[in-house]
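Subject: Structure for your files

Hello,

Here is the structure I said I would pass on. My notes on what was found in it follow below.

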Amino acid sequence: MESRREKEKENRRNLIVGTAEQVFFEKGYDLATMDEIAKKAEFTKKSVYSYFPTKDELFAAAVLRGVKVLHGLFENAVASAKSGFDGIARIGDAYVRFYQEYPVYFRILSMRRYGSGDKGGEYRSEIETHGGKVFSLMAESFSRGQKDGTIRKDLDPRTGCLHVMSVSNGILELVMEGKGTFRKRFGISEEDFIRTSMDLIGDSIGTGKNSGAKK
């Protein structure tokens, strides 16, 4: 009987988080309200607050789900990498896939609301753990590439990883903001822009000895 109640409680929690994800995606953090989330989830606001005492904590629950997905994609990406540069290239492809297949999570993670202070309550530690592992996967591939000669040795690995992360994120945020009007505005398809931009990132860190990279 107790396990059934716990399952029902978890189902309600997941429904609230799933609904909140859509509201955060559509409205952004600042304009999203607990009232609207409760209404769309078909709960009373009191019920929502019984699971999530603050909007910050509810947002952090959504962030955690997103960063877990991203971590899994990155782990799978580097598992069969043939070189350090290949690992970074595969991570780049995984990030594009994350943007394409999980746009809600991509936008939520891009909001960066959970990055400072004590926001996020009980979820903060897990967010930091998975976020740290995501960065470590990149740093390990970067260091591997410097050892195997496929990534420039004059680059500090952490700086190089931050460069790849920030530029990749900026590219995909630009495409997301211009969704549906990108070709009309710039005369290039979203797909071509993403592919060419990711290649340019690779050119900025690679040595040209990338025959082990994926095809």
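**What was found**

The protein has ten helices and zero strands; helices (H or I, at least four residues) and strands (E, at least two) are DSSP runs, numbered from the N terminus. The order of elements from the N terminus is α-α-α-α-α-α-α-α-α-α. This is a predicted model, in which local features need pLDDT of at least 70 and side-chain atom pairs count only at pLDDT 80 or more, while totals for chains, interfaces and linings use all residues. Residues are numbered from 1 along each chain as its sequence is written, and side-chain values use heavy atoms, with hydrogens and water left out.

**Overall**

Along the principal axes, the C-alpha atoms fill a box of roughly 60 × 45 × 30 Å. Of the 215 residues, 46% count as buried (under 20% relative accessible area; exposed is over 50%, partly exposed in between; 1.4 Å probe, protein chains only). Among contacts (heavy atoms within 4.5 Å) with a separation of 6 or more, 69% join residues 24 or more positions apart.

**Core**

The largest nonpolar core has 62 residues. Such a core is a set of buried Ala, Val, Leu, Ile, Met, Phe, Trp, Tyr and Cys residues joined through side-chain atoms within 4.5 Å. H4 gives the most to this core, with 13 residues. Phe24, Phe52, Leu58, Phe74, Phe98 and Leu172 have the most contacts inside the core. Apart from neighbours within four places in sequence, Phe24 is in contact with Tyr29, Ala32, Ile37, Lys55, Leu58, Phe59, Ile108 and Met111.

**H4 and H5**

The axes of helix H4 (residues 55-78) and helix H5 (residues 84-101) come within 8 Å and cross at roughly 145 degrees. Axes here are lines fitted to C-alpha atoms, for helices over the stretch in contact, with angles from 0 to 180 degrees between N-to-C directions. On the H4 side the contact is made by Gly66, Val69, Leu70, Leu73, Phe74, Ala77 and Val78, and on the H5 side by Gly87, Arg90, Ile91, Ala94, Tyr95, Arg97 and Phe98. The residues of this contact divide into ten nonpolar, two polar and two charged (Ala, Val, Leu, Ile, Met, Phe, Trp, Tyr, Cys and Pro count as nonpolar, Asp, Glu, Lys and Arg as charged, the others, Gly among them, as polar).

**Glu42**

Glu42 lies in the loop between helix H2 (34-41) and helix H3 (45-51). Phi of Glu42 is near 65 degrees, a positive value in a residue other than glycine. Glu42 counts as exposed because its relative accessibility is 73%.

Regards
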